[in-house]
Amino acid sequence: AQSVTQLDSHVSVSEGTPVLLRCNYSSSYSPSLFWYVQHPNKGLQLLLKYTSAATLVKGINGFEAEFKKSETSFHLTKPSAHMSDAAEYFCVVSEGNAGNMLTFGGGTRLMVKP
Amino acid sequence: KAGVTQTPRYLIKTRGQQVTLSCSPISGHRSVSWYQQTPGQGLQFLFEYFSETQRNKGNFPGRFSGRQFSNSRSEMNVSTLELGDSALYLCASSLTSGLAGGETQYFGPGTRLLVL
């Protein structure tokens, strides 16, 4: 069975400082991992995904994530936060044998202070 | 290319009623999945359809059902609504069955259902 734990429900940073959103996963098979972002009253937008190629994955808007199998982690980072990054972020796992079924973490709400 | 569309965007129903939500996937996508999002339970998988067949089902009661048409459009139905069914219902589409792993799913804006 697959599961995802987002270690922080809320993260607050100042504009221009680095962002770190933490995610640990559990999977019986080689997983695919995703980060999605949800702005208020909007659907989910894909930031990036890992599918067993390069362990450092670059996404949109300057975000990147590193897959660490030994630590079962997939943390999301960004060097410099922007006000527009304020949103809810979801770490997501899927296993090939589960088809398109996604398992979501609980979400991390990112607040960016001016 | 148009994104995933969901109708209606907002819906108010009363307990005991039933509701049907609609999802039109991105053109060419054959898989449609449904998710329920609530403050208490977060995002939970409801079911997935691929080529008109239900492939996966989440842990929801039988009051929740769905179907997919030959043009890949999908509907989900909730019968005998309960207060706890109030949620944002999200639809996602993808190109293939996802069995190769890592298939990207594209989400619609959701239908917000309020049950009174």
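Reader: What volume does the second largest pocket have?
Author: This is a predicted model, in which local features need pLDDT of at least 70 and side-chain atom pairs count only at pLDDT 80 or more, while totals for chains, interfaces and linings use all residues. Residues are numbered from 1 along each chain as its sequence is written, chains are lettered from A in the order in which they are written, and side-chain values use heavy atoms, with hydrogens and water left out. A pocket is an open set of points on a 1 Å grid over the protein atoms alone, where a 1.4 Å probe fits, with protein on both sides within 12 Å along at least five of seven lines. Taken as the space filled by probe spheres set on the points, which are joined across faces, edges and corners, the volume of the second largest pocket is about 170 Å³.

Reader: Which element gives the largest share of the lining of the second largest pocket?
Author: Lining residues, which have an atom within 4 Å of a point, include A:Met101, A:Phe104, B:Leu43 and B:Phe60 here. Strand S11 (103–104) of chain A and strand S5 (42–50) of chain B each give two or more residues, strands being DSSP runs (E, at least two residues) numbered from the N terminus. The largest share, three residues, comes from S5(B).

Reader: How many charged residues are in the lining of the largest pocket?
Author: This pocket holds about 530 Å³ of space, and among its 27 lining residues A:Gln38, A:Glu88, A:Phe90, A:Arg109 and B:Gln37 are the closest to its centre. Asp, Glu, Lys and Arg count as charged. Beside eight nonpolar and 14 polar residues, the lining has five charged residues.

Reader: Is A:Leu44 buried or exposed?
Author: A:Leu44 is found in strand S6 (residues 44–50) of chain A and, not counting residues up to four places away in sequence, touches residues including A:Phe90, B:Leu43 and B:Phe107, contact meaning heavy atoms within 4.5 Å. Because its relative accessibility is 7%, and the cut-off is under 20% relative accessible area (1.4 Å probe, protein chains only), A:Leu44 counts as buried.

How values were computed. Helix = DSSP H or I, 4+ residues; strand = E, 2+ residues; numbered from the N terminus. Buried < 20%, exposed > 50% of the residue type's maximum accessible area, 1.4 Å probe, protein only.
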